[in-house]
Amino acid sequence: MKKTAEEIAADLNDIARRRRRPKPQKDTTPAAAKGDVKQVLNRLQQLRAGGTLPEYDYFELKRQYEQQANLDVQKAQAQAKQKRTERLLAQADLNAEWVFDNMDRDDPALSHHIDTAHHFINAFDHWKEKGGAAILIYGDFGTGKSTLAGAIAHDLIYQHQKSVIFQQWASVVDRLFFGVIEDQESRNQYRRALEEVDLLILDEVAANRARLAESQSSFLGHLLRRRRNLAKSVIIITNHDPQSLHRAVGDFCFEAIKAFHPVDIALHGPSRRPDIGDYRS
């Protein structure tokens, strides 16, 4: 039977009245809470009495959790170090063969220089406090100059997480003077990287040249002075002895090298590179 308008209105008023009726609230008084806790404790006692509740040693659990947390932290640190090492190696652009294990410590021409290299590595942070250090490695082609410098770079990356750039001087010149890096902003970024990297290694400086172009020697002099001001170390590799290098780079640049009070390493003797066929160089 269809309801009248008065009946429908009465039903709606009844629904609204029921909605306004307050809901029963949970008793949160201390006495009620105490009762809840008592129920939980009773239940735990029943489970323990029935042999279904295991016994826990709080201090052993704490020790296990702390041990696992330490292992997780060490794992995360090792992963972060591995990723940083990979980035540093990619930036350095090193030959993977340039390591101390591939150098003959029994060779009298190398043993003392290897010791000097390790001293440089171990005191690297000390040199930074003193304004940076420099090593001048010079000698004939193939005598192990680049290998020694590369071995230093590898150890600084793996052991001390230092940033390194190893560049042929000719590559630096091509990038900054002959348009290999085309836009100015990229050239500026490259120049800043040369200035700010922890260790800059410049290989074959003035190779086969009696004298650098004035623009190149000026740039090298300014670069070395900037690194000295930032307390950043440098390794210079050349086939010139110090006197010949002075003539090749000029007074301005050579004085910048001298400001580091560089250690000089002279590598002499025949080429250590393998011969080609029956030809002996």
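Which side chain of opposite charge is nearest to Asp203, and how far away is it? I looked this up in the model, which is predicted.

**Asp203**

I found Asp203 in strand β3, residues 199–203. Asp203 is buried and has no salt bridge. Its nearest side chain of opposite charge is Lys145, 6.4 Å away. I then checked polar contacts. The side chains of Asp203 and Ser146 are joined by one of 2.8 Å. Leaving out residues up to four places away in sequence, Asp203 touches Ser146, Phe166, Gln167, Gln168, Trp169 and Ile237.

**Cores**

Next I looked at the largest nonpolar core, which has 31 residues. Trp169, Val172, Leu194, Leu200 and Leu224 have the most contacts inside it. Elements giving two or more residues to this core include β3, α7 (169–177) and α9 (214–229). The most comes from α10, with 7 residues. Apart from this core lies another, of 30 residues, with Ile137, Ala149, Ala153 and Val164 among them.

**Aromatic pairs**

I counted 4 aromatic pairs in the structure. Phe120 and Phe124 have ring centres 5.7 Å apart and planes at 85 degrees, so I logged the pair as edge-to-face. Phe120 is buried at 5% relative accessibility, and Phe124 is buried at 6%. Phe177 and Phe219 are also edge-to-face, at 6.0 Å centre to centre and 85 degrees between the planes. Phe177 sits in helix α7 and Phe219 in helix α9, so this pair ties together parts 42 residues apart in sequence. Phe177 is partly exposed at 32%, whereas Phe219 is buried at 13%. Ring pairs link Trp169, Phe177 and Phe219 into a cluster.

Terms used. Residues numbered from 1 in each chain as written. Predicted model: local features only at pLDDT ≥ 70, side-chain atom pairs only at ≥ 80, totals over all residues. Heavy atoms only, no water. Helix = DSSP H or I, 4+ residues; strand = E, 2+ residues; numbered from the N terminus. Buried < 20%, exposed > 50% of the residue type's maximum accessible area, 1.4 Å probe, protein only. Lys, Arg positive; Asp, Glu negative; His and termini not counted. Salt bridge = Lys/Arg side-chain N within 4 Å of Asp/Glu carboxyl O. Polar contact = N/O pair within 3.5 Å; in protein donor to acceptor, adjacent residues only side chain to side chain. Contact = heavy atoms within 4.5 Å. Core = buried A, V, L, I, M, F, W, Y, C linked by side-chain atoms within 4.5 Å. Phe/Tyr/Trp six-rings, centres within 6.5 Å; stacked < 30°, edge-to-face > 60°.
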